[in-house]
Amino acid sequence: MSEQITEVRELAIAVFASSGRLIATGNERVAHLGLTSAWWQVLGALRYSPVPLPTASIARNMGLTRQAVQRIVDLLAERGMVAFEDNPHHRRAKLVVLTRAGLAAVTSAEQAVATLDREIAERIGRERIKDATRILGEMNAILTEWLDRTAPFPSPNDAS
């Protein structure tokens, strides 16, 4: 196996490990707010999107399934953190928008991790963070291209 392939696999393992720790740390830091990392992830996606998004777009942007995001959006709607608006581009796919309560929740979550964010920024440095963001963006673009052009693998539960 080439060194380049080994390095890509090491990057993937590091991303998996970071993702797991990010979720665990997020869950611990926002539990007192009645949030989970998954809820916070959806609220954050809405907060930083320049336009309201349908569930499918939130899922696609975050690399999650539409069904998983729909469950979270429905729970957030029950709690008054998001609302639905008509979508001028698609009658059935409503747009998901933050409510005041949702904005307050995501703001509180960000405040809960502000000290950790500062420590990460100080220890890693702005330029390296920007490089990592750029690299992960490029990696995500490649992965998206592969997903878009390949058929899904059959599930072990699929009938043969």
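Trainee: What percentage of the 160 residues in the chain is buried?

Mentor: This is a predicted model, in which local features need pLDDT of at least 70 and side-chain atom pairs count only at pLDDT 80 or more, whereas totals for chains, interfaces and linings use all residues. Residues are numbered from 1 along each chain as its sequence is written, and side-chain values use heavy atoms, with hydrogens and water left out. Buried means under 20% relative accessible area, exposed over 50%, and partly exposed in between, with a 1.4 Å probe and protein chains only. By that definition, the buried share of the 160 residues is 22%.

Trainee: Which residues of helix 2 are buried, and against which elements do they pack?

Mentor: The buried residues of helix 2 are Ser37, Trp39, Trp40, Val42, Leu43, Gly44 and Leu46. Contact means heavy atoms within 4.5 Å. The elements that these buried residues pack against are helix 1, helix 3 (55-62), helix 4 (66-78), strand 2 (82-85), strand 3 and helix 5.

Trainee: How are the buried residues of helix 5 arranged around the axis, and which residues are exposed on the other side?

Mentor: Gly102, Ala105, Val106, Ala109 and Ala112 are the buried residues of helix 5. They lie on the same side of helix 5 because they cover an arc of only 120° around the axis, the arc being that of the directions from the helix axis to the C-beta atoms. An α-helix has 3.6 residues a turn, so residues three or four places apart point the same way. On the other side of helix 5, the exposed residues are Arg100 and Gln111.

Trainee: At what angle do helix 6 and helix 7 pack, and how is that orientation described?

Mentor: Axes are lines fitted to C-alpha atoms, for helices over the stretch in contact, and angles run from 0 to 180 degrees between N-to-C directions. Helix 6 and helix 7 (residues 126-149) have axes 6 Å apart and pack at about 100°. Angles under 35 degrees count as roughly parallel, over 145 as roughly antiparallel, 65 to 115 as roughly perpendicular and the rest as oblique. Therefore helix 6 is, relative to helix 7, roughly perpendicular.

Notes
Helices (H or I, at least four residues) and strands (E, at least two) are DSSP runs, numbered from the N terminus.
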